[in-house]
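Colleague: Thanks for sitting down with me. Could we go through this model together and check what stands behind each label?

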Amino acid sequence: MYVVALNGSARREKGVTTTLTSALLSGMQEEGAEVELLYLRQMEIEPCLGRFDCWYKSPGRCSVEDDMQRLYPRLRTADCWVIGAPVYMDGMPGPMKNVFDRLLPFVEPTVEVRDGRVRHPMGVGVKGGSLILTSVCGHWEMETFDPLLTYMQAFCDSAHRTFAGALLRPHAAEFVQLLKNGGGDDILSAAHEAGRQFMRSGVLPADKLAAVSRPLLTREEYIDRANDRMAQLMSGERRMAA
């Protein structure tokens with residue numbers, strides 16, 4: 001299985017998104033997957049210009065010459081896409097959204113009814129497959145991920161891909177602190193095992209996803225710690241500014 005992983009974290013290798021995604025990918029590799037991991041912060045990908053040249057002037061090919069041209073052949077042929085997209089403001093980061101908007105060359109300009117909805121047929125040479133989401137957020141509630149999950153499911157429905165599920169890690173700052181204190185191995189092990197089991201069955205096991213997302217503290221504790229942390233950071237910034 002050929003797996004392309006796109007990491008949309010602004011922090012690249014240092015981000016919690018990378019920590020979680022890497023654990024998943026290591027499990028997939030252990031079961032024989034060929035994995036390619038790409039960091040969007042190291043690439044130049046412009047927004048879609050909305051000219052539809054990829055339909056009418058150069059069918060199947062985007063006219064914008066940037067690093068997206070490197071992604072097209074990989075995404076066309078990958079059996080599985082792993083999308084690492086932290087939630088900053090109720091959705092995916094801008095660079096990742098640019099990637100999804102620039103996938104217009106993958107579909108035909110004609111329309112059809114599929115699963116009760118008007119959709120575009122997929123273009124010639126675009127392989128179907130699966131998509132796995134990995135995401136982290138700062139807030140306590142799992143509902144923080146809902147807008148991103150809704151988008152990913154909608155995209156998969158349109159793009160002939162199976163949404164295989166999501167590894168989600170709320171209150172990421174607490175997870176970082178847990179890792180610094182030598183904990184969190186059970187969460188990373190669950191992500192790793194989820195990758196292994198996906199390769200064996202094509203399914204992300206529910207118990208492993210729940211282990212990845214497990215609460216690390218109560219909501220009241222989270223609020224107290226988050227406000228204390230922010231006060232300390234703000235105090236430090238003010239001292240530096242003075």
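Colleague: Which residues have the most contacts inside the largest nonpolar core?

Modeller: Bear in mind that this is a predicted model. Leu71 and Ile83 have the most contacts inside that core, which has 41 residues. At least two core residues come from each of several elements, including strand 1 (2–7), helix 3 (68–77), strand 3 (80–84) and helix 5 (146–158). Apart from this core lies another one of 26 residues, with Leu24, Leu25, Cys80 and Ala190 among them.

Colleague: And what is Ile83 in contact with, leaving aside its neighbours within four places in sequence?

Modeller: Its partners are Leu6, Met96, Phe100, Leu131, Ile132, Leu133, Thr134 and Met152.

Colleague: Why is Tyr72 called buried?

Modeller: Its relative accessibility is 4%, and buried means under 20%, so Tyr72 counts as buried. Tyr72 sits in helix 3. Beyond its neighbours within four places in sequence, Tyr72 is in contact with Cys62, Arg102, Leu103, Pro105 and Phe106.

Colleague: How far apart in space are Tyr72 and Val99, C-alpha to C-alpha?

Modeller: The distance is 9.8 Å, while 27 residues separate Tyr72 and Val99 in sequence.

Colleague: Now, why is Val113 called exposed?

Modeller: Val113 has a relative accessible area of 65%; exposed means over 50%, so the label exposed applies to Val113. Val113 belongs to strand 4, residues 112–114.

Colleague: Which residues make the nonpolar surface patch of about 310 Å²?

Modeller: Val113 is one of them, and Val111 and Val118 also take part.

How values were computed
Residues numbered from 1 in each chain as written. Predicted model: local features only at pLDDT ≥ 70, side-chain atom pairs only at ≥ 80, totals over all residues. Heavy atoms only, no water. Core = buried A, V, L, I, M, F, W, Y, C linked by side-chain atoms within 4.5 Å. Buried < 20%, exposed > 50% of the residue type's maximum accessible area, 1.4 Å probe, protein only. Helix = DSSP H or I, 4+ residues; strand = E, 2+ residues; numbered from the N terminus. Contact = heavy atoms within 4.5 Å. Patch = residues over 30% accessible without salt bridge, like charges linked within 9 Å, V, L, I, M, F, W, Y side chains within 5 Å. Areas by Shrake-Rupley, 256 points an atom, 1.4 Å probe, with all protein chains shown as cover. Salt bridge = Lys/Arg side-chain N within 4 Å of Asp/Glu carboxyl O.
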